[in-house]
Amino acid sequence: MSETKEIIISSDKIHTDQYLVNMGPQHPSTHGVLRLLVRLEGEIVHHIQPHVGYIHSGIEKMCESLSYPQVIHLTDRMDYLSAHMNNEAVCLCVENALQVEVPDRVKYVRTIMDELTRLASHQLWWCVMGMDLGALTTFFYGLRDREHILDIFEETCGARMTLNYSVPGGVMFDIHPNFQKRVKAFITEFRKKLPEYDQLLTGNVIFQERTNDIGYLSLEDAIAWGVTGPSGRGSGFSCDVRKHNPYSAYPLVQFEEKLDTRGDSFARYRLRIEEMHESLHIIEQLIDNIPEGDYAVKMKGVVKLPEGEFYQRVESARGEFGVYIVSDGKKNPYRVKFRSPGFSNLFALNKMAAGHKIADLVAIMSTLDLVIPDIDR
Amino acid sequence: MTNEELQACLTGEFTNAEVKIGKQYVEILVQADELHDAAVKLSTLPLLSFDYLFCLSGVDYPEKIQIVYHLESTKHRHTVVLKVNTADRVDPVVDTVSDVWQTAKYHEREVYDLLGVKFNNHTDLRRLFLDDSWGFPLRKDYKDEVRIVER
């Protein structure tokens, strides 16, 4: 194959003791259709060339022929675990362009939904992180708790994953009368369950051995490769959009941006667990104070953006998600670009995994928390 | 720096470029042959130090293809939008900035794949998502006779 030939030619001399292995596109630990072309010597990884595009669905091209409310529906098919953040990014972009001020109630509800989504995403990540390393029990523990959040989503907007809850100007429906009660019950319950996560996996000797000092990424590399989210913060890169470019109700809440300078797999793991605590803390501050009022402002039937360029950054569960809209004043965008966090994070994998064993590659990839449709779009 | 300070600073440093304050960010439009120098300057000047490229997009306009770089400084926390127009819309070429910001390497491959923009001095310019037999789907004149049915 042409890529195979290229990778051999590109190395300085032909190593007779090195060989190429295709990992994927159907590999259980890639969690989707991703192919890594791995150059190995024995079981030591020398170079990784990711090949993407197996589920490229041309979402950016499709958006050009859709109206803005329709674009929102495509965004949660990209990173299906951060569906609400993606929806919100487009909504905020449209609202900023039209200079629409949404009611406080909407800001609160959106922020609570953001953090619930983040929790659900991190729970699923924790499940499969354990599973990738051979600890199947974590899968059942994580899914057990995630189910409560998905039930809340279902009651709120009818969907469990592809929410489509945000619309330009607000949210699609008001929150369910049970919403506050159920979220509070979930927080109390999950607060008790979170220490179990540490007892089950974090302290485990095998887990520690397989993550400590494995997959190091320096701060300079994290910035240069644009690695964001918990993966970037694990290298000490302060990149939390919620802190630096706050949106919705984030300016109103107290929370810490957790940073770790160790830069290894364990740091990235640890930060996601810490982030779950922070998310619970954020929801707690908001859930009792949701202001009364409308759940959406009245928008025109056909949403038309003024001519110009608009950019909106939000913090999804994987890192910085961005929407870049170029409008020519019509009802559909002239060009939409989605800056997906997984795309940038994936290509830093070679930096992290080169020099480690192939079994560690699975662990390192797990700590990046990749969602393939987010990369391919 | 605030947007106004940044605009003043950029106007002083980049004499051939067009600097203006857009709807959100300061925008700087450089000449295609000065792109690489401008990128180096933006990333290395201590006052600016734009070290984090968070978005790289290509936009197909009627007469040109524009490459848009969204940059942030992790030190000063200011943001700038760097833009460059290609001279030729049919066979567009610009210099790569992947030696300045590593992440651009794959973002540029994506732009090459979907818009057909060639990046000079790029170490590994191949298509990223699509097969070689495809056209460049994000161009406005792209026609797919097999898969798109005109209504």
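Predicted model: local features only at pLDDT ≥ 70, side-chain atom pairs only at ≥ 80, totals over all residues.
Let me start with one residue: Leu71(B) has 24 C-beta neighbours inside 10 Å and therefore counts as buried, where buried means that 20 or more other C-beta atoms lie within 10 Å of the residue's own, exposed means 12 or fewer, partly exposed is what falls in between, and the C-beta atoms are placed from the backbone. Residues are numbered from 1 along each chain as its sequence is written, and chains are lettered from A and ligands numbered from 1 in the order in which they are written.

Leu71(B) belongs to strand β4 of chain B, residues 65–72; helices (H or I, at least four residues) and strands (E, at least two) are DSSP runs numbered from the N terminus. The residues that Leu71(B) touches, leaving aside those up to four places away in sequence, are Leu42(B), Phe50(B), Tyr52(B), Leu53(B), Thr79(B), Val80(B) and Leu82(B), a contact being two C-beta atoms, placed from the backbone, within 7 Å. Asp51(B) stands 20 residues from Leu71(B) along the chain, and their C-alpha atoms are separated by 7.4 Å.

Now to chain B as a whole, which has three helices and seven strands, in the order α-β-β-α-β-β-β-β-α-β from the N terminus on. Its radius of gyration is 16 Å, close to the 15 Å that the globule rule gives for 151 residues, so chain B is as compact as a globular protein of that length; the radius is taken over C-alpha atoms, and the rule is 2.2 Å times the number of residues to the power 0.38. The C-alpha trace of chain B spans about 50 × 35 × 25 Å along its principal axes, and 40% of the 151 residues count as buried.

Within chain B, strands β1 (residues 18–21) and β2 (residues 26–30) run antiparallel and are joined by four bridges, pairing being assigned if DSSP finds at least two bridges between two strands. A hairpin of four residues connects β1(B) to β2(B), and Ile21(B) has Val26(B) in β2(B) as its bridge partner.

Where the two chains meet, the contact takes 22 residues from chain B and 25 residues from chain A. On the chain B side, strand β3 of chain B (residues 52–60) gives the largest share, six residues.

Turning to chain A, there is an open sheet of three strands in the order β6-β7-β8, with antiparallel pairing. Its edge strands, each pairing on one side only, are β6 (308–315) and β8 (335–339) of chain A. Strand β7 of chain A, residues 320–327, pairs with β8(A) over five bridges, and Tyr324(A) stands opposite Lys337(A) in β8(A). Helix α4 of chain A (residues 83–98) lies across β6 and β7 of chain A and runs at about 145° to β6(A); axes here are lines fitted to C-alpha atoms, for helices over the stretch in contact, and angles run from 0 to 180 degrees between N-to-C directions.

Finally, chain A is divided into domain 1 (2–51) and domain 2 (59–376), with bounds that come from an automatic or database domain assignment. The centres of these two domains of chain A, taken over C-alpha atoms, are 30 Å apart, and their contact takes 14 residues from domain 1 and 19 residues from domain 2.
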